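Hello,

I am handing over the structure we talked about. Please look through it first; my notes on what was found follow below.

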Amino acid sequence: MFGLIGHLTSLEHAQRVAQRLGYSEYSDQGLDFWCAAPPQLVDDITVTSATGQTIYGKYVESCFLPEMLSQRRIKAAIRKILNAMAAAQKNGIQITALGGFSSIVFENFSLKNQQRVRDVELDYSRFTTGNTHTAYIICRQVEQAAPKLGIDLSQATVAVCGATGDIGSAVCRWLDRQTDVQDLLLIARNQERLQNLQAELGRGKILGLEEALPQADIVVWVASMPRGVDISQIPLRNPCLLIDGGYPKNLDAKMQQPGVCVLKGGIVEHALDIDWQIMELVNMDVPGRQLFACFAEAMLLEFEQLWTNFSWGRNQITVEKMEQIGTASCKHGFQPLLSF
Amino acid sequence: MQELAVRPEFDFTSEAYKDAYSRINAIVIEGEEEAKNNYIALGKVLPDHQAELEKLAKMEARHKKGFQACGKNLSVTPDMQFAQDYFAALHGNFQTALAADKIVTCFLIQSLIIEAFAIAAYNIYIPVADPFARKITEGVVKDEYLHLNFGEEWLKANFESVKEELEQANKENLPLVWKMLNQVEADAHELGMEKEALVEDFMISYGEALANIGFTTREIMKMSAYGLTAA
């Protein structure tokens with residue numbers, strides 16, 4: 001049994017979903033209510049692999065909302081994630097992906113030091129951030145979508161925004177080792193981490209956002225911020241492939257420049273329909289088939305019976321692990337999303 | 001995002017802390033006393049299970065003594081009158097149900113509501129408790145998790161026939177819990193316990209019990225949030 005811990009994208013979204021599902025107790029409530037709401041196992045999932053193998057999973061709604069971070073309700077945010085993890089473990093789920101902000105909250109607030117949640121001693125080997133698969137899918141999106149726009153990777157400059165993060169650094173490693181990308185532009189807030197990454201790669205230019213973006217043929221956006229950043233006023237190249245791998249995915253609404261193609265990053269399509277409701281609620285274009293790659297990682301680990309925290313800790317993702325999860329991804333019928 | 005949820009330091013000897021403690025400690029002591037009496041009363045109407053229920057009553061009495069020691073340790077006199085008034089409505093509902101032979105309602109009040117309320121309060125209290133009280137409370141929580149919740153098991157075994165009464169009893173009694181939580185919000189805050197954390201923990205424990213008894217997620221979400229915002 002695999003699990004997915006997810007959340008909705010805003011208070012307004014949460015209210016709408018609750019209304020639609022008929023939970024009137026939840027639908028007209030403000031942030032205070034969500035700060036006190038417990039996690040719920042709201043969906044049963046059946047997935048069949050391209051190999052014919054079938055697995056079962058559960059979706060755990062953590063009741064976390066990004067407003068908890070932007071409005072400094074940090075304790076509530078932490079409780080949501082830990083309680084959702086405890087709920088997953090208590091229900092006997094062997095491998096659970098921490099979707100959306102869950103892994104970011106876990107990492108940034110060092111929740112690994114809070115292993116005890118009521119009567120549950122969290123066993124971290126049962127959880128994965130799913131970031132290895134996300135990073136792999138984003139890299140494959142770069143490799144496969146660029147030629148469609150007439151961008152030749154060997155002559156392309158790729159800017160990675162959020163380069164020092166778990167996913168960003170993995171994307172840099174892959175692009176450096178597995179492709180012949182001409183130039184890498186590294187963008188992040190922490191200079192020390194940027195220099196460490198540059199030293200590790202032995203290449204890459206450290207630049208600010210406004211300086212880097214106009215030079216890039218491809219922009220990989222993997223920064224996750226509760227409030228987001230408006231980059232619509234920065235002039236981009238024509239053509240430019242913008243891979244929106246951040247959270248929430250809202251760059252396409254903001255980007256109106258000619259020649260800029262925005263691709264939802266870190267999204268996979270499954271070859272067969274998945275029996276669940278939840279992707280409809282998070283506004284996937286093809287809810288029966290499209291899903292976050294981090295969620296798909298939990299499915300892959302279940303298919304492969306690799307019940308372990310495959311992606312864990314910060315900046316531990318190697319190219320070899322990306323290849324390993326990538327092989328499983330192809331085998332079981334997952335494809336990177338390539339439609340703009 | 002780098003800010004950490006740092007554990008605050010408390011002055012357990014300050015007048016403000018002790019004043020708040022005099023009420024919270026009394027509530028806990030009274031809660032254990034209520035639990036003891038409720039189990040004894042239920043034992044009398046369920047003679048087949050009397051021995052088991054009396055064992056539970058004894059456990060609750062032991063817990064009560066532990067919490068009395070916590071008050072003494074901080075030189076606090078628990079305000080028992082406040083606590084009895086605090087539990088009066090829930091107590092009244094239990095007595096009315098008992099008199100009307102509504103065992104299902106009695107179990108909902110004692111084994112689901114009071115137990116979940118206590119567990120939530122203890123869970124939230126432990127990280128901010130003084131060292132003496134922390135040890136006592138950790139022992140109590142361990143006890144609570146270890147013993148099989150008799151009422152929960154009884155309701156589970158009779159789920160189909162008790163479901164309707166449980167839903168009705170939930171409507172009658174859960175709003176009292178939210179009122180009770182509101183009433184001590186300031187005192188709990190003085191002790192480092194946030195209301196939203198208490199509510200959340202209560203809903204988790206209560207929801208787990210309802211799930212174990214046989215309710216679906218949809219029913220649990222409705223039942224466990226019933227009356228919360230009206231309170």
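Domains of chain A

Chain A is divided into domain 1 (2–131 + 269–329) and domain 2 (135–266); domain bounds come from an automatic or database domain assignment. This is a predicted model, in which local features need pLDDT of at least 70 and side-chain atom pairs count only at pLDDT 80 or more, while totals for chains, interfaces and linings use all residues. Residues are numbered from 1 along each chain as its sequence is written, and chains are lettered from A and ligands numbered from 1 in the order in which they are written.

The centres of domain 1 and domain 2 of chain A, taken over C-alpha atoms, are 25 Å apart. Between them, 19 residues of domain 1 of chain A are in contact with 17 residues of domain 2 of chain A (contact: C-beta atoms, placed from the backbone, within 7 Å). On the domain 1 side, α4 (67–70) and α14 (319–331) of chain A each supply at least two residues. The largest share, five residues, comes from α14(A). Helices here are DSSP runs (H or I, at least four residues) and strands likewise (E, at least two), numbered from the N terminus.

Where the chains meet

Chain B has 21 residues in contact with 24 residues of chain A. Both α9 (195–213) and α10 (217–224) of chain B give at least two residues each to the side of chain B that touches chain A, and α9(B) gives the largest share of that side, seven residues.

The buried residues of α10(B) are B:I220, B:M221, B:M223 and B:S224. A residue is buried if 20 or more other C-beta atoms lie within 10 Å of its own, again with C-beta atoms placed from the backbone. Those of α10(B) pack against α2 (24–27) and β2 (40–48) of chain A, together with α7 (159–183) and α9 of chain B.

The core and α4 of chain B

The largest nonpolar core has 186 residues, of which A:V158, A:V160, A:V171, A:V219 and A:V220 touch the most other members. Such a core is a set of buried Ala, Val, Leu, Ile, Met, Phe, Trp, Tyr and Cys residues joined through C-beta atoms within 7 Å. Its largest share, 17 residues, comes from helix α4 (residues 103–125) of chain B.

Why is α4(B) largely enclosed by the rest of the structure? Because 22 of its 23 residues are buried. α4(B) also bends by about 25° at B:I114, the bend being the angle between axes fitted to the seven residues ending there and the seven starting there.

Regards

Terms used
Contact = placed C-beta atoms within 7 Å. Buried ≥ 20, exposed ≤ 12 C-beta atoms within 10 Å, placed from the backbone.
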